[in-house]
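Please consult the sequence and structure shown here.

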Amino acid sequence: MENIKISGTDRHPEIDFDYSTNRFSIRGFSYPENVKNFYDPIIEPFIDYLAGLEGSSLDLECAFNYFHSSSAQVLYRIFDAMEICGARGNSMTITWAYEAGDDNMQEAGEDFAEDLENVQLILKEIDPS
Amino acid sequence: MLIDKVTALRDHMNEEGVSFCFTGFMTEEVLSGIAQALKKKLELEKVDINTAKGIFSIVIELSQNIIRYSAEHKTSSTEHNDIDLRYGVLAVGHDENHHYVVCGNMVQKEDSERLSNSLMHIKGLDRKELKALYKQTLREGPPKGSKGAGVGFVEIAMRATQGFEFDFRENDDANVFFALRATI
């Protein structure tokens, strides 16, 4: 699999998907002009990759400053695929980083965690940027 | 007199506590600019992080709403270029006690009842019920006719800590003017 590295902008997050180490991260702002155009080329190969994963472990770090409601739908797609992958015996971890004091972002992480049985979601408070 | 007109407009905005107001054709580029300026202003005023993010989020959702759904629009389509400009009003301000975001745009008469019912329903939900609706809609996919995730107003309701109000006024045979004010 080809690694994906995209710099962040005011509107879309920084993407660092390293398939050689199974470490993935999404950081920053997420309200791209066109959600589908931005995310589909990133998450479709990722979801395919998860479907073929056996006996592996994988880490995804999500460190959002802000994500809009259409981006939330993308997160559900990613997390659902990780949940299925985890249910097959792979070790799946999501690190949900949020700025100290950002109650809404912390709550979003807690809400996602509620739906995940086969993925470990770790909440991580970070200092304000 | 030019100066009277512009001063009157400025004074009116000032009286209403408006710090940003945009009326015109809303585009993604306009939204980017407003979002950046708003972010700086909220930083400058050291607005509490949750309030600041709430205002920011409501501005994004309402602006995208105008871009996607305003029934007052101008379109042109050529082989290489589709232009679809949609007209609306967006204002951010502060009254005596709270921050607010106001939006207004035309909606088609046939859509206004559905929008009104949906907003009435959302208005009656508590935080837990809003979260459940948000989750369910994202999971099941957007409702028919939606160009986004279909949860923009649910997001607004969750972020508007002091609630929101909305209204409609008949404009002509085809369109109804829709206005919403969210308070944080």
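In strand 6 of chain B, V176(B) is the bridge partner of V107(B). The model is predicted, so local features need pLDDT of at least 70 and side-chain atom pairs count only at pLDDT 80 or more, while totals for chains, interfaces and linings use all residues. Residues are numbered from 1 along each chain as its sequence is written, chains are lettered from A and ligands numbered from 1 in the order in which they are written, and side-chain values use heavy atoms, without hydrogens and water.

**Strand pairing in chain B**

- Strand 4 (residues 99-108) of chain B pairs antiparallel with strand 6 (residues 175-183) of chain B over nine bridges; strands are DSSP runs of E, at least two residues, numbered from the N terminus, and pairing requires at least two DSSP bridges.
- Strand 5 (residues 164-170) of chain B runs antiparallel to strand 6 of chain B, and seven bridges join them.
- F168(B) has F178(B) as its bridge partner in strand 6 of chain B.

- The axes (lines fitted to C-alpha atoms over the stretch in contact, with angles from 0 to 180 degrees between N-to-C directions) of helix 2 (residues 69-87) of chain A and helix 5 (residues 127-140) of chain B come within 9 Å and cross at roughly 70 degrees; helices are DSSP runs of H or I, at least four residues.
- Helix 2 of chain A is therefore roughly perpendicular to helix 5 of chain B, a term for angles of 65 to 115 degrees.
- The contact (heavy atoms within 4.5 Å) involves S69(A), A72(A), Q73(A), Y76(A) and D80(A) of helix 2 of chain A, with Y134(B), K135(B), L138(B) and R139(B) of helix 5 of chain B.

Terms used. Parallel < 35°, antiparallel > 145°, perpendicular 65-115°, else oblique.
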